[in-house]
Amino acid sequence: MSENSYVEIPNMPDSNCFACGPVNDKGLKMKFYGNDKLVYCDVSVPSYMVGWNGLAHGGIVSTLLDESMSWGAIFLTRRMIFTKTMTVTYHKPVMVGDMLHVESEVLEKISDRDAVMSSKIFNSKGELCSSATGSFFLMDIDRVKKLGIVDEKEVDEFWEMIKSFQEF
């Protein structure tokens with residue numbers, strides 16, 4: 001895959017995730033695309049997620065960044081992940097209803113179990129609005145199952161989806 005071509009990253013069709021779930025009626029329904037270096041999503045924050053005076057709530061902005069880094073880590077490392085830490089910087093207001101471009105990349109793969117990610121949100125004018133860095137646990141299927149916090153069938157299905165990324 002070349003740096004300029006992107007593929008649509010599959011998601012679980014019945015996912016109810018607030019950020020990326022296609023069946024969550026109140027969610028953001030983020031859909032991601034990736035290449036060998038970068039993962040991105042174009043999304044608009046709905047008006048019911050307003051914080052103050054037309055601004056997207058800061059927690060929603062943080063969610064956009066975390067979800068972008070998470071899918072970036074999943075797609076670019078081909079591993080299951082959990083967010084360990086995250087630092088957000090708010091540069092400019094993010095307005096509800098504006099078409100945003102959210103992207104992420106791996107800053108450093110520290111080990112087979114740890115990666116540092118970055119994410120940025122740009123508004124429809126191309127201005128940097130928010131950015132984040134985060135540390136992520138990289139996990140294989142057995143480790144996730146041992147945690148016992150996700151149904152094993154769902155873990156198996158998600159792992160099969162991750163393995164399919166290698167076909168791109």
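## Briefing: a sheet, a helix and a core

Helix α1 (residues 58-77) lies across β1, β2 (33-34), β3 (39-44), β6, β7 (99-109), β8 (114-122) and β9. Helix α1 runs at about 140 degrees to β6. This is a predicted model: local features need pLDDT of at least 70, side-chain atom pairs count only at pLDDT 80 or more, and totals for chains, interfaces and linings use all residues. Residues are numbered from 1 along each chain as its sequence is written, and side-chain values use heavy atoms, leaving out hydrogens and water.

**The sheet**

- The open sheet has 7 strands in the order β1-β2-β3-β7-β8-β9-β6, with antiparallel pairing.
- Its edge strands are β1 (7-8) and β6 (80-90), each pairing on one side only.
- Strands (E, at least two residues) and helices (H or I, at least four) are DSSP runs, numbered from the N terminus.
- Strands pair if DSSP finds at least two bridges between them; β6 and β9 have 10.

**S131**

- S131 lies in strand β9 (residues 128-139).
- S131 is buried, at 16% relative accessible area; buried means under 20% (1.4 Å probe, protein chains only).

**The core**

- The largest nonpolar core has 44 residues.
- Such a core is a set of buried Ala, Val, Leu, Ile, Met, Phe, Trp, Tyr and Cys residues joined through side-chain atoms within 4.5 Å.
- Helix α1 gives the largest share, 10 residues.
- F165 is in contact (heavy atoms within 4.5 Å) with I9, P10, W71, I74, F75 and R78, leaving aside neighbours within four places in sequence.

Notes. Buried < 20%, exposed > 50% of the residue type's maximum accessible area, 1.4 Å probe, protein only. Axes fitted to C-alpha atoms, helices over the stretch in contact; angles between N-to-C directions.
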